[in-house]
Amino acid sequence: MIPPRFDYHAPVSVAEAITLLGQLGSDAKLLAGGHSLLPMMKLRFAEPAHLIDINKIPELRGIREDGNEIVIGAMTVENELIKSDILQAKAPLLCEAAKLIADPQVRNRGTIGGDIAHGDPGNDHPALSMALDATFVLQGPNGKRTVKADDFFLGTYMTLLEENEIMTEIRVPALAAGTGYAYEKLKRKTGDWATAGCAVVMQKTGDKVTHIRIALTNVGPTALHATDAEQALLNKPFDEATVAAACAAAIAICDPAEDLRGDIEYKTAMAGEMVKRALRKAWSRCA
Ligand code: FAD
């Protein structure tokens, strides 16, 4: 399938891209890896008259440390996350989970910023960002603002990004030594989106959970931060009863859409299973 006709723009700085967004208004779309946008254009779900390609903006790429935070440029591709020594040392959840996204070809072009900005509840980075308590940096004509991952997603394909803004950075707090983590993702085959997924970041003291973040993929109109499930575990011993209570609380917030991956009952049950597996794996990794 061939996408509709569009004009192509290739700015070399964020400032230039923001100016173009201002000039072209709602007729324009940013082009990152193109692995969500171009399929939508081919299916005529999106018909932008202008594409602003942000691949030629070096300041949007790369992974660096800033104090206790890891700063990931929005145009950093999945394969760069997988290979990053900084992430491996400070936020290994992202390296591990990125390997479960799509296939090697998509991971070579698809960007973390595009994965988040697209607002697709089936994408994996929204829930991962919530579990990691990430902050997104959005830049527009009036400068920069920051938004917590928890607050960014408004609905399916709807986010807090304004038409004239670019996501420039994803900022992730470095995990403290001994933090457990896991991303469990049920998919029908390699390269598929999640039927249900669960990201967990956890710390323990003795037999008790002292820090916990749980977020779910593809079982609601957005990624879901499972705060009640967290409360079921926080400052309690990690045992069968508390894990069961956390799974029940996570299941209670699921509102998946029925599709070829399964009906509502199946997806909800699988979300509970992913929570259980992610919690156990994260606990086993806590030191
Ligand atoms: P694009 O497609 O270029 O852009 C997507 C949207 O985000 C557009 O509206 C664009 O304007 C906007 N945008 C992009 N970057 C920015 C920015 N910096 N600031 C503001 N707006 C921006 N994803 C998963 O998470 N898990 C999967 O399992 C998975 N499986 C896939 C399987 C296949 C076969 C394919 C084709 C894709 C799959 N994807 C999956 C999606 C893939 O990860 C996409 O790359 C990702 O959703 C979008 O990133 P992109 O860089 O390609 O963005």
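How many nonpolar, polar and charged residues does the shell around the ligand have? In this predicted model, the shell comprises 14 nonpolar, 10 polar and 5 charged residues. In total, 29 residues surround the ligand, and L30, S36, T111, D115 and D124 are the closest.

Several polar atoms of the protein face the ligand. A polar backbone atom of A32 is 2.8 Å from an oxygen atom of the ligand. A nitrogen atom of the ligand lies 2.9 Å from a backbone N or O atom of M167. The side chain of K185 places an N or O atom 2.9 Å from an oxygen atom of the ligand. On its own, the ligand has 970 Å² of accessible area, of which the protein covers 92%.

Two or more residues of the shell around the ligand come from each of β2 (28-31), α7 (112-117) and β10 (166-173). For the lining of the largest pocket, the elements that each supply at least two residues are β2, α2 (37-42), α7, β9 (158-159) and β10. This pocket holds about 1,100 Å³ of space. Its lining consists of 47 residues, with K29, L30, G114, A117 and H118 nearest the centre. By class, the lining divides into 22 nonpolar, 15 polar and 10 charged residues.

The second largest pocket has a volume of about 510 Å³. It is lined by 20 residues, and those closest to its centre are D120, G122, Y157, W193 and R261. The lining of the second largest pocket contains 9 nonpolar, 7 polar and 4 charged residues.

Note on methods
Residues numbered from 1 in each chain as written. Predicted model: local features only at pLDDT ≥ 70, side-chain atom pairs only at ≥ 80, totals over all residues. Heavy atoms only, no water. Near = heavy atom within 4 Å. Polar contact = N/O pair within 3.5 Å; in protein donor to acceptor, adjacent residues only side chain to side chain. Areas by Shrake-Rupley, 256 points an atom, 1.4 Å probe, with all protein chains shown as cover. Helix = DSSP H or I, 4+ residues; strand = E, 2+ residues; numbered from the N terminus. Nonpolar A, V, L, I, M, F, W, Y, C, P; charged D, E, K, R; others polar. 1 Å grid on protein atoms, 1.4 Å probe; cavity = no way out; pocket = protein on both sides within 12 Å on 5 of 7 lines; lining within 4 Å. Points joined across faces, edges and corners; volume = space filled by probe spheres on them.
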